[in-house]
Amino acid sequence: MKRLLHILLLLCALGFAHEASAQYYTWGSDPAGLKWSTIRTPDVRMIYPDTVSAVARRTLFYIRTVRPDIAFGFRHGPMRIPFVMHPENFQSNGLVMYLPKRVEFLTSPAIDGYSMPWYKQLVAHEYRHAVQYNNLDRGVIRALSYILGQQGSTIGLLCMPIWAMEGDAVMSETMHSSFGRGLQPSFSMAYRAMGSVGRDRRNIDRWFCGSYRDYIPDHYELGYQICSYAWERYGENIWDKVAWYGARNPYMIFTTSIALKKFYRTDVGTLFAETFDGLNYYWNALPARRNSSRYLSAEPVESYTTYAFPLAVDAQRVLALKTDYDRPTRFVTIDTESGRERAVAYTGSVSTRPAYADGRVWWTEYRRSTLFEQRVNSQLCYMDLDRGKPKAVRGRRHALYPTPTDRGLAWVEYSPDGRFAVTGEAGVQHWEAPAQTELHGLAWDDRTARLYFLATDDSGMWLGRIEPDGTATHLTEGAYITLSDLTARDGR
């Protein structure tokens, strides 16, 4: 009788959802002037503007390459699903959704990328979600989809927690690459710094839900740690059976807990505790390192505050970008002796790191179009430090990594068709990056009078230099290591 009541309640809720007006989820409109094309294969359909046809073909190549292995650990492969590409949004991202079902790609490479091309990472991560969705769209959920359409299939997403879906997808991108996110030291740095994750068993909800008081890593990092531990502990992908059970018994409501107990005699709390007990044991066994740094800011330790991109203004002051929950992002100067700070100016959402020279600060920040949500530019900005008034450079809306040189300002220019170039004011050497090469940093060295850059291609990440004749020299070979925040001075 209780099970019948659950079914009736669920069908009533679904019936209400069917009558609701919010039946279509949009991620925002693209600029009206784009002309769209389609590539159809038996497995996927690529929908893209003509300006990124080369990017679309390259992405399709990655999709077809990874397809035979992307479903490893699940009993069903990826669903047939269209891929929609948005080329004019600098805020890199990707997602899979229903209503209608599709994969959305923001094709601008991520600013804080690592030694794998952006399109490879997107395919290995987002296509794994298509596998998860196909395994959840079974049994009762599939029957509901015949009645309610894709709205019925969305109920299946309740049968697998979001942290598990993202953690499993991060595992996929790590397994299908030579140096994925799961292998980045930064991906576990916050947990290692805390040193006590999992010991407080009275309140584990904050680790899954986040906190406005304490810094908590996101569900991608949490999910990856738990999913990788569970794979090692049980020798299989436990989410296959969780999805299988949930799709056939959605009326049980708490299907994840029931499936974990039924098939593995465990629960989410136990998985969390065992994961971080093992990780803390390993981290504590590593050789201790002395912290040779000192705090410049007098901000109390419990304050949820981030200082980023410190720049030496003079012998007594450091300029930094400060972010917290009280006020908008702002530049502050910090006295290196007393720790006192002074707010200089508020900024928008900063896209690439600031640079300072001769009393002027340069940076770029995201600027969204008033009409089109999927047109987000990276605007070149500057500020005279003594005046503290930010200004935008007219016409420079695709700029990254502004870098002062002795010949004027240089920066990286990204075109929505997927090409990078180093350019700048008159007198600055212009250089076009090869196709399928991403640039992730730029710096000027005063001793060698050269521009240096960080690049990513299929060989990994490498450091390069722009020569006076307009060519580029490899200073290092491509390797599966992550380089970031490039600076140069005095020949180093």
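Which residues are buried in helix H7 (residues 186-194)?

Author: Happy to walk you through that helix. This is a predicted model, in which local features need pLDDT of at least 70 and side-chain atom pairs count only at pLDDT 80 or more, while totals for chains, interfaces and linings use all residues. Residues are numbered from 1 along each chain as its sequence is written, and side-chain values use heavy atoms, with hydrogens and water left out.

In H7, the buried residues are Phe187, Ser188, Ala190 and Tyr191. Buried means under 20% relative accessible area, exposed means over 50%, and partly exposed lies in between, using a 1.4 Å probe and protein chains only.

Now look down the axis of H7: its buried residues fall within an arc of 140°, so they line one face of the helix. That arc is taken over the directions from the helix axis to the C-beta atoms. On the face turned away from this buried side, H7 carries the exposed residues Ser186 and Ala193.

What does the buried side meet? The buried residues of H7 pack against helix H6 (162-175), helix H8 (205-209), helix H9 (219-234) and helix H12 (268-285), where contact means heavy atoms within 4.5 Å.

Finally, follow the chain past the end of the helix: just after H7, Gly195 takes a positive phi of about 75°.

Key: Helices (H or I, at least four residues) and strands (E, at least two) are DSSP runs, numbered from the N terminus.
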